[in-house]
Amino acid sequence: MYIESPRYTERFGSVRINDVQRVVALDSGLKSEIPPHGAMGVVKISEETIKSFEDKMAIVVPTRNEKLKLFEGVISGVPHDCLVIVISNSERDHIDRFRMESDTLNQMCRYTHRQALIIHQKDTKVAEAMKQAGYHELLDENGLVRDGKSEGMVIGLLMAKLAGKEYVGFVDADNYFPGSVLEYVRNFAAGFSMAKSPYTMVRILWQYKPKISGGLYFRKWGRVSETTNRCFNSLISSSTGFETNIIKTGNAGEHAMSLKLAELLPYASGYAVEPQELVSIFEQFGGSLPSNYVDVMKHGIDLFQIETRNPHLHEEKGIEHLEDMLLTGLSTIYHSPLCDEETKQLIISQLRSQKALNPRKKPPKPYLNRPPCEVNIREFTKFMEPLLKTYFALHEH
Ligand code: GDP
Ligand code: CO
C-alpha cells in the first residue's frame, strides 16, 4: 500500500508521537522496481512487508453477545496469516451464544485452512492460570475473570504471547465492514514496519464514521473523541510548554502493539482502557516522572496514528454509552500524576457541560489491572501451555 511518510513527529520525553498518516492507496502492486521512497512524502509498503508482520501478529477480537453475522464478518476480514484470538464473554445459558461463535469460527477455519483460538472469559482454567500468575485484580468474587473488554484484552495478549506472537492487535467484533477490518490490520503492519523501536503502538483513526440520521452523513469527529483528544493535548502542552494538537486517537478502539510494549502497560476497566494506555505511556516514558524502564527509554516508543480509507461503522449503543465513554476516558487523564490544574479544570468543565458528570462530583478513579510484566507470566504460561491446543477452534471436541 501507499501511505504518507511520517512527516511530523512530536517528542514527549522518549515517546515519538507521529502525526496522523493517511493511507494514500490500499494497494501498491507487485512490481518491485518502483523505489520504496519514490514520491516525496509517500512511502510504499510492499505486500511482502505487510505479510511478514501479519505472520507475527495475533488479532484479538473481544466480543460479548454481538450479532453472529457481524462477528462472522469481522473474522472473515482478518488477514489469513494472523492468528485470530477470540475472547468471548457471550451468554452460555439460555441461548448458548458462545457455542454459536465457536461453531462459526470452526467452520471458517475448516473452509480456509487456518487456525484460531476461542476462549470464554469465564473459563475456569483461564481463571486458575491468572490465579497462578498472581493476577488477582483481574478476578471477581466468584474467582472468575471479571466482565469487561479490557479484562478480555489481557487474556488475549497473554494468549498471543503464549502462542509465540510478537505483535497483538485489537479489533472489535461489532464492525459492519469486513473490508475495514482487513484494512486496520494492514495498517497495523504498515505502522510496525516504520517503527525504529521494538516498543511500538499503532492507533487507527477512521476517515469517516457514518451516522444515519435521515440520510447518511459521513462524520469525521465524534464529540467524545474530540473532547478526549483536546484534553490529551492540553496535558501534553502543559508539560512541554508548547501548544499542540498531535493526539487524534485518544479513544481508538482499534489499535495494536508490540508485545514488548503491551506487557508494560496497565489495562483499565471499561472505556478507560485505550486512553489509559496512552496516559501510562506518557507517565512511564514521557521523561517528567521517573521511569522503571531505563532500557526502554533508550529505544524510545514509536506511536503511529494511521487514518484509514474505509469508513468505520459499528453497532451504536446509545447516548448513555457515549457519556460513560467520555467520563471514564477523561478520568484516566484527570487522575494521572502528570495532570496539571488547567487540564483538570478543562476536564471538569467538559464533563459538566456535556452532562456526563453531576455538579460537585469528581471523576471516578479508573480501575487498573496491573501491567502483565508485574505479574508472574511464567506461571500463567506453565499452566496454560499444555491446554493451549484445547482452545483451537479446529480441535476435536
Ligand atoms: P465501543 O465500540 O467502544 O462503543 O464499545 P462496544 O460496546 O462496542 O465494545 C467494544 C468491543 O468489546 C465489542 O466487540 C464488544 O462485543 C466487546 N465487549 C464488550 N464487553 C465485553 C466483555 O465483557 N468481554 C469481552 N471479551 N468483550 C467485550
Ligand atoms: Co462498538
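User: Before we look at anything, what do buried, exposed and partly exposed mean here?

Analyst: Buried means under 20% relative accessible area, exposed means over 50%, and partly exposed lies in between, with a 1.4 Å probe and protein chains only. This is a predicted model, in which local features need pLDDT of at least 70 and side-chain atom pairs count only at pLDDT 80 or more, while totals for chains, interfaces and linings use all residues. Residues are numbered from 1 along each chain as its sequence is written, chains are lettered from A and ligands numbered from 1 in the order in which they are written, and side-chain values use heavy atoms, with hydrogens and water left out.

User: OK, so where is arginine 360, and is it buried or exposed?

Analyst: Arginine 360 is in the loop between α12 (341-353) and β16 (368-369), where helices (H or I, at least four residues) and strands (E, at least two) are DSSP runs numbered from the N terminus. Arginine 360 counts as exposed because its relative accessibility is 80%. Although arginine 360 is not a glycine, it has a positive phi of about 75 degrees.

User: Switching to the ligand, how many residues surround ligand 1?

Analyst: There are 17 residues around ligand 1, and the closest are Glu66, Gly148, Asp174, Lys317 and His321; a residue is near a molecule if one of its heavy atoms lies within 4 Å of it.

User: Which atoms of histidine 321 and ligand 1 are 2.6 Å apart?

Analyst: A polar side-chain atom of histidine 321 lies 2.6 Å from an oxygen atom of ligand 1. On nitrogen atoms of ligand 1, a polar side-chain atom of glutamine 121 comes to 2.8 Å, and a backbone N or O atom of isoleucine 87 to 2.9 Å.

User: And why does serine 180 count as buried?

Analyst: Serine 180 counts as buried because its relative accessible area is 0%. This serine 180 belongs to helix α6 (residues 178-194), and its side chain reaches the backbone oxygen of proline 311 at 3.1 Å, a polar contact being a pair of N or O atoms within 3.5 Å, where within protein one must be able to donate a hydrogen and the other to accept it.

User: Last one, how far apart are glycine 286 and arginine 11?

Analyst: In sequence, glycine 286 and arginine 11 are 275 residues apart, yet in space they are 8.5 Å apart, C-alpha to C-alpha. Glycine 286 lies in the loop between α9 (273-285) and α10 (294-299), and it is buried at 8% relative accessibility.
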